[in-house]
Structures are given as structure tokens and as C-alpha cells.
Amino acid sequence: MTYYIGLMSGTSMDGIDAALLNFSDNKCRVLDSHSHEIPAKLITRLQKVIQSEIFNIRELGTLDVELGKLFAEAAKQLLRNNQTNASEIIAIGSHGQTVFHAPDCNPPFTLQIGDPNTIAQLTGITTVADFRRRDMAAGGQGAPLAPAFHHHYFRSDAHNRVILNIGGIANITVLSADKQKPVFGFDTGPGNCLLDSWIKQHLNQPFDTNGEWGTTGTTIPELLASLLQDNYFSLAAPKTTGREYFNLHWLNQHRPNDEPQNTQATLAQLTIESIARAIEIHAPDTDEVYVCGGGAFNTALMQGLDARLNNSAVTTTSELGADPEWVEAAAFAWLAKQTLAHRPGNISSVTGANEAVILGGIYPGKQRTK
Ligand SMILES: Nc1ncnc2c1ncn2[C@@H]1O[C@H](COP(=O)(O)OP(=O)(O)O)[C@@H](O)[C@H]1O
Ligand SMILES: [Mg+2]
């Protein structure tokens with residue numbers, strides 16, 4: 001047994017990312033990956049629960065198990081593609097699908113579904129899941145959790161780095177070259193979520209390929225200024241957010257009445273500007289920014305960030321040997337490894353937890369005969 005599998009489905013619900021990893025020799029090698037489709041009907045049902053249109057425990061319960069089956073299928077497909085046997089996998093790290101993230105509720109809570117019992121049962125592989133709630137129980141935001149992985153594999157003694165994940169929401173991990181400085185990071189605000197929702201509403205496309213539709217419009221300065229005035233952007237870290245907050249309802253409060261492509265251009269600029277300000281204010285010494293997540297494939301966003309952040313080089317994590325598409329899935333495989341080794345997975349200076357804790361629950365796989 002040498003390998004791990006990471007399973008991740010973020011707020012974009014663009015598919016389940018499944019990655020096969022080898023962490024031996026203290027390296028992180030993505031041996032293969034597979035993006036598993038989430039059926040449209042399931043996405044619609046999930047969206048209804050996420051947007052709180054449905055308050056039905058039966059619906060939530062069945063979705064939990066159905067997603068568990070789908071996560072298991074994603075892992076099994078990855079194994080089939082690689083002619084790899086389940087017995088070669090030490091563990092699956094499964095993030096689950098966030099249906100609600102509410103660090104500001106009293107008490108705070110966060111809920112990821114995709115039943116790990118089902119994953120362990122159907123794959124026969126030990127599954128580690130429910131990572132976020134332990135950090136919350138320790139007083140943290142429950143997010144972001146990828147920073148410990150970023151720190152382990154991407155920190156440099158020579159350069160001040162920022163790892164920027166642009167998923168539905170964008171988050172940064174600040175890795176100082178100075179070992180004495182604590183790692184920190186937070187959600188900067190919307191990544192792709194508003195861009196996706198706006199193009200879905202107007203052109204019925206799931207995302208703006210390479211940001212091209214946005215580039216046919218021009219930024220509306222008044223709208224951008226109004227959006228940037230939102231309190232979230234000036235909140236002190238630790239802070240995390242989600243689609244419960246940054247959604248079309250939020251956007252409509254700012255009256256985007258212009259041509260839709262101009263609003264799209266403005267939303268791209270909002271993502272760029274909110275990220276750039278977060279880096280300038282909280283990590284002014286940054287000289288390298290490495291982007292991961294689906295936003296790394298949005299050419300317009302990448303060019304906009306590079307032009308805006310003129311003190312740092314903006315590239316993708318490919319430069320560090322990690323395909324941007326699989327970094328988050330790899331992070332959850334690594335977090336599973338940490339948990340099985342009884343090592344902490346959170347960084348308290350990032351999440352605000354009162355201590356570093358061992359994350360997640362362990363759902364044992366099939367009993368093996370030696
Ligand atoms: N070629 C592309 N052009 C523009 N945007 C892209 C492209 N490829 C992926 N994306 C964006 O990335 C998103 C998925 O990113 P991902 O990191 O999987 O986010 P999440 O973690 O929220 O699922 C898509 O919804 C889309 O907005
Ligand atoms: Mg995704």
C-alpha cells in the first residue's frame with residue numbers, strides 16, 4: 001500500500017476532482033486524475049438545498065448518501081483507469097460537498113455531505129472525511145485547510161510566496177521565506193462564483209471560457225466601487241466566506257443594470273481587485289504568486305492579475321510541479337495522511353483555531369487478511 005486518493009468538489013460544482021497520489025520520499029506526485037461528472041439533476045437538487053429553498057431532512061439525507069455513492073464511483077473510476085487495486089490505496093481523503101458554511105453563526109457550523117460510510121463501504125478503502133468541523137470545534141473558521149499542504153510542499157527559503165486558489169471562492173496562503181513568520185491565509189472573496197452565475201443566467205453557459213465574454217465588455221467603475229465597498233473585503237482575518245453570501249442576490253443589491261457583458265467584465269475586475277488588495281495589504285513583500293484552481297485556466301483573470309500585481313510574478317502552480325487543477329484534491333489526500341499519522345492538519349494562525357488539531361473522522365475500509 002503506497003497511494004492515496006483525494007476527492008474534492010468545491011462550491012463551483014463543476015465536477016468531482018479525484019486524484020491518485022504518491023507521497024513517498026516526502027514528495028507529492030499526482031500519478032493520475034479524473035474529473036467525475038455530477039449529473040445535472042443532482043446539481044439542481046444540491047443548489048436548492050444550498051440556496052435554502054428546501055428545508056427537508058429527507059432530501060438532505062438522501063443527497064448525502066447519493067453523493068457518497070458518486071464520490072465512491074469517482075474513486076473507483078480513477079482506480080480502473082490506472083488498473084490499480086483498492087488494496088494499494090492507504091486512504092481516501094474526501095472533502096465532501098459543502099452545503100452550508102456559517103462560521104459567523106452562534107455557534108458556528110459548516111456542513112459537507114457525501115457520506116463517508118458509503119465511500120468506505122463501496123470502495124473498501126479507509127476514508128477520512130469531515131475535516132472542517134474539528135477545526136471549528138477548536139474555535140476556528142474550519143477553512144481554509146489547504147494552507148498546511150501548501151506550506152509543506154510549496155514554501156521557499158528564497159522567496160515570499162502566495163498560493164492563490166481561485167475556485168468558486170478565492171483564497172490565499174501567505175508563505176514567507178522567513179521561517180519565523182507564521183503561515184497565514186484567508187478567503188479573499190469571490191473567485192469564479194459570480195462570473196459563473198452571471199453567464200449562466202444570461203448565456204446559459206456553466207462558465208466564461210477563458211474569460212472571453214467578459215473581455216467583450218468594459219468595467220463599470222461605479223458598480224465595481226459599490227461591490228468593493230462590501231464589508232467582507234475590509235474584515236480582518238481570519239475570515240472565510242461562501243456562495244451563501246457571494247451570489248446573484250448579493251450582486252443584485254448593487255443594481256447591475258448595464259449591458260450584461262459589462263457586468264461580467266466588472267465581476268472579473270472584482271475578483272482581480274479584491275485578491276490584489278488582499279495581497280498588497282496583508283502580504284506586501286510577496287514576490288511570487290502561484291495560482292491554482294479552475295481560475296488558473298481563465299486567461300483574462302490571469303492576465304488581469306499579472307497586470308494589477310506589478311510587484312510580483314503571477315504564474316500557476318505548474319511552475320512548482322503541481323497541476324493547478326488537482327492541488328485541492330491533493331491537499332485533502334495529504335490531510336488524510338496527516339490524520340492517519342495523528343498529525344494536525346489545520347494551521348491555527350490561518351483558521352483562528354485555538355490549537356492545531358487532528359482533523360476529520362476515520363471510516364475504516366475492508367478488513368484485510370495478511
Ligand atoms: N478554461 C476556463 N476558462 C474560464 N474559467 C474556467 C476554465 N476552466 C475552469 N474555469 C473555472 O473554474 C471553476 C472550477 O474551479 P474549481 O477550482 O474546480 O472550483 P471549486 O473548487 O469551487 O469547484 C469553473 O466553475 C470555472 O469558473
Ligand atoms: Mg471544482
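This passage walks through the fold of one protein chain, from its overall dimensions to a few individual residues.

The model is predicted, so some care applies to what is reported: local features need pLDDT of at least 70, side-chain atom pairs count only at pLDDT 80 or more, and totals for chains, interfaces and linings use all residues. Residues are numbered from 1 along each chain as its sequence is written, while chains are lettered from A and ligands numbered from 1 in the order in which they are written.

The protein chain contains 14 helices and 12 strands; helices (H or I, at least four residues) and strands (E, at least two) are DSSP runs, numbered from the N terminus. With a radius of gyration of 20 Å, close to the 21 Å given by the globule rule for 370 residues, the chain is as compact as a globular protein of that length. Here the radius is taken over C-alpha atoms, and the rule is 2.2 Å times the number of residues to the power 0.38. The C-alpha trace spans about 65 × 50 × 40 Å along its principal axes. Of the 370 residues, 51% count as buried, a label for residues with 20 or more other C-beta atoms within 10 Å of their own; 12 or fewer makes a residue exposed, anything in between partly exposed, and C-beta atoms are placed from the backbone. Contacts require C-beta atoms, placed from the backbone, to lie within 7 Å. Among contacts between residues at least 6 apart in sequence, 71% join residues at least 24 apart.

Turning to the strands, an open sheet of 5 strands has the order β9-β8-β7-β10-β11 and mixed pairing, two strands being paired if DSSP finds at least two bridges between them. β9 (184-190) and β11 are the edge strands, each pairing on one side only. From one strand to the next, the twist averages 20 degrees. β10 and β11 run parallel and are joined by 4 bridges, with valine 291 having threonine 316 in β11 as its bridge partner. Helix α11 packs on this sheet, touching β7, β8 (169-175), β9 and β10, and its direction makes about 155 degrees with that of β9. Such angles run from 0 to 180 degrees between N-to-C directions, and axes are lines fitted to C-alpha atoms, for helices over the stretch in contact.

Helix α12 (residues 299-308) has Ala300, Leu301, Met302, Gly304 and Leu305 buried. Its buried residues pack against β7 (161-166), α7 (212-215), α11 (260-282), β10 (288-292) and β11. Leucine 320 sits in the loop between β11 (313-316) and α13 (327-340), and is partly exposed, with 19 other C-beta atoms within 10 Å. Beyond its neighbours within four places in sequence, leucine 320 is in contact with Phe154 and Tyr290. The C-alpha atoms of leucine 320 and phenylalanine 154 are 7.1 Å apart, although 166 residues separate the two along the chain.

Elsewhere, the axes of α1 (residues 40-50) and α2 (residues 57-81) come within 11 Å and cross at roughly 135 degrees. In this pair, Leu42, Arg45, Leu46 and Val49 of α1 meet Glu59, Leu60, Leu63 and Glu66 of α2. Glutamine 51 lies in the loop between these helices and is partly exposed, with 13 other C-beta atoms within 10 Å. Finally, β4 (residues 89-102) and β5 (residues 109-113) run antiparallel, joined by 5 bridges, and form a hairpin with 6 residues between them.

Notes. Contact = placed C-beta atoms within 7 Å.
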